[in-house]
Amino acid sequence: MANYGYGGGYSTTSYGEQGGANGGGFMGGSQQGSQEGGGSKTYGKDTVRPVTIKQILEAHQPHPDSDFKIDGSEVTQLSFVGQIHSIASQTTNHTFQIDDGTGLVDVKQWIDSDQDPEHVRPLPKEGEYIHVWGRLKAFNNKRHVGAHVIRPITDFNEVSMVLLEATAVHLYFVRGPPETPGMKSEGGGQGMFVDSNGGGAIQNVGGKPMPATLSATGRKVFGLLQSHPQNNEGLHVSMIAAQLGLQANDVFKAGDELLGEGMIYTTVDDETWAVLEY
Amino acid sequence: MADTLSTPRITSSYLDSFTSRTIRLIGKVTQLRGEQATIDSDGNVTAHLNRDAHLTVGNAVEIVGKVNQDLSVKVLKATDLGRDVDFAAISAVVDATHRYKEIFYAE
């Protein structure tokens, strides 16, 4: 799920060593796809993503037959938990209606007729909690999950775990990697900030934590400005865009955010920024 | 569509913001008095049981139910969760549910 690499131009930046250490090459490729939604080949979507059922129901499908997107990132393989609401068994499949407290979704499990009857696992019952791994599908405008694995939950803490996992991954995509050193980022994206400026630099702007509302791009731009050798001029938008492998208008948006927060200021012209230190 | 079907996870302190809504509440059964039970979910909650509910004192239980005006809960479904439930994780989930409600429920 950690497809937040930090851009294609990674190794040419001043913090290239960190990038290399984190295996940024592959990450960079997947980031392009997930963030810009371009036609580039993506791998990140095939990672299993923990979700809530509400996220499944609200997953956005840009056009029929295309991949679903949650929080702007493509998803196919899902992991979620829920209580069985009802079961409908046909000759070819079992359809479970699953409720996790955030919504209801149908989960289809195909019956393998070649399977040795001795090894057939007992069917979960209504009211039981199960953990489902499967693929999100749409058929006749109705969404269901094609299950690869359905496992009954014997330890209820697994339910708490998956719901918290889903929250963490949701926040990861919406806000970017966590910035506290204690919380290990799954993607290793954290690495880019831990450079000679001190790992603490990103958490502390004049002693203040970074605003939680800051977008992922905003964090990246700020990280770059901070890791860049400081002079009076700062960096021009086109330089930032080139180094982070971003579109200039995305950088402008991030800059507006940072200017609004008083974290950076304009120098020689409106398009050249430096970190506001005090 | 999903709005009406969601059952937000809460603890006792959220009861007053969820009157006449269907919610999900996890707590430890502290008392059983016939049709009524007291459940400790960061504070005591009175639950009006239905016939299918089989609660065990000392066990954790998950209740799907409707919050009455007097902040008691009418049980629609009760699931026994045994004794090995991490209540810190449960309150973390409740906290996340309301802090990041965009992925958990609609107002």
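Which residues does Thr95(A) touch, not counting residues up to four places away in sequence? The first view below takes up that question, and the others move on through this predicted model.

View 1. Leaving aside residues up to four places away in sequence, Thr95(A) touches Ser86(A), Ile87(A), Ala88(A) and Gln90(A), together with Asp106(A), Val107(A) and Lys108(A). Within chain A there is also a polar partner to look for: the side chain of Thr95(A) makes a polar contact with the side chain of Asn93(A), at 3.0 Å. Thr95(A) counts as buried because its relative accessible area is 12%, under the 20% cut-off.

**View 2. Ser66(A) in a loop of chain A.** Here we look at the loop between α3 (53–58) and β2 (68–70) of chain A, where Ser66(A) lies. If you pick out the side chain of Ser66(A), you will find one of its polar atoms 2.6 Å from the backbone oxygen of His63(A). Is Ser66(A) buried or exposed? With a relative accessible area of 15%, Ser66(A) is buried.

**View 3. Strand β7 of chain A, paired with β4 and with β8.** Start with β4 (residues 77–89) and β7 (residues 129–139) of chain A: these strands run antiparallel and are joined by seven bridges. To find your place in this pairing, follow Leu78(A) to its bridge partner in β7(A), Gly134(A). β7(A) also pairs with β8 (residues 142–152) of chain A, again in the antiparallel sense, and this time over ten bridges. A handy landmark here is Trp133(A), whose bridge partner in β8(A) is Val149(A). β7(A) and β8(A) form a hairpin with two residues between them. In the turn of this hairpin, Asn140(A) has a positive phi of about 50°.

**View 4. A three-stranded open sheet in chain A.** The strand order in this sheet is β9-β11-β10, and the pairing is antiparallel. Which strands lie at the edges? They are β9 (235–236) and β10 (264–266) of chain A, each of which pairs on one side only. Zooming in on β10(A) and β11 (residues 272–275) of chain A, you can trace three bridges in the antiparallel sense.

**View 5. Chain B, with two helices and six strands.** Following chain B along its sequence, the pattern reads α-β-β-β-β-β-β-α. Chain B has 107 residues, of which 50% count as buried. Among contacts in chain B with a separation of 6 or more, 51% come from residues 24 or more positions apart.

**View 6. The interface of chain B and chain A.** In this view, 28 residues of chain B are in contact with 27 residues of chain A. The two chains bury about 2100 Å² between them, and 61% of that is on carbon and sulfur atoms. Tyr100(B), Ile103(B) and Phe104(B) supply 27% of the area that chain B buries against chain A, more than any other three residues. How many salt bridges are counted between chain B and chain A? The count is one: Asp99(A) pairs with Arg24(B), and their closest N and O atoms are 3.2 Å apart. Twelve residue pairs are in polar contact across the interface. On the side of chain B that touches chain A, α1 (2–5), β2 (22–33), β6 (73–82) and α2 (87–99) of chain B each supply at least two residues. α2(B) gives the most to this side, with five residues. By class, this side of chain B has 17 nonpolar, three polar and eight charged residues.

**View 7. Asp84(B), in the loop between β6 and α2 of chain B.** Asp84(B) touches two residues of the partner chain, Asp155(A) and Asn157(A), not counting residues up to four places away in sequence. Asp84(B) is exposed, with a relative accessible area of 64%. For a distance check within chain B, Asp84(B) and Ala60(B) are 24 residues apart in sequence and 8.1 Å apart in space, C-alpha to C-alpha.

Notes: Residues are numbered from 1 along each chain as its sequence is written. Chains are lettered from A and ligands numbered from 1 in the order in which they are written. This is a predicted model: local features need pLDDT of at least 70, side-chain atom pairs count only at pLDDT 80 or more; totals for chains, interfaces and linings use all residues. Side-chain values use heavy atoms; hydrogens and water are left out. Contact means heavy atoms within 4.5 Å. Buried area is the accessible area (1.4 Å probe) that two parts lose on being put together, summed over both. A salt bridge is a side-chain nitrogen of Lys or Arg within 4 Å of a carboxyl oxygen of Asp or Glu. A polar contact is a pair of N or O atoms within 3.5 Å; within protein, one must be able to donate a hydrogen and the other to accept it, and residues adjacent in sequence count only if both atoms are side-chain atoms. Helices (H or I, at least four residues) and strands (E, at least two) are DSSP runs, numbered from the N terminus. Ala, Val, Leu, Ile, Met, Phe, Trp, Tyr, Cys and Pro count as nonpolar, Asp, Glu, Lys and Arg as charged, and the others, Gly among them, as polar. Two strands pair if DSSP finds at least two bridges between them. Buried means under 20% relative accessible area, exposed over 50%, partly exposed in between (1.4 Å probe, protein chains only).
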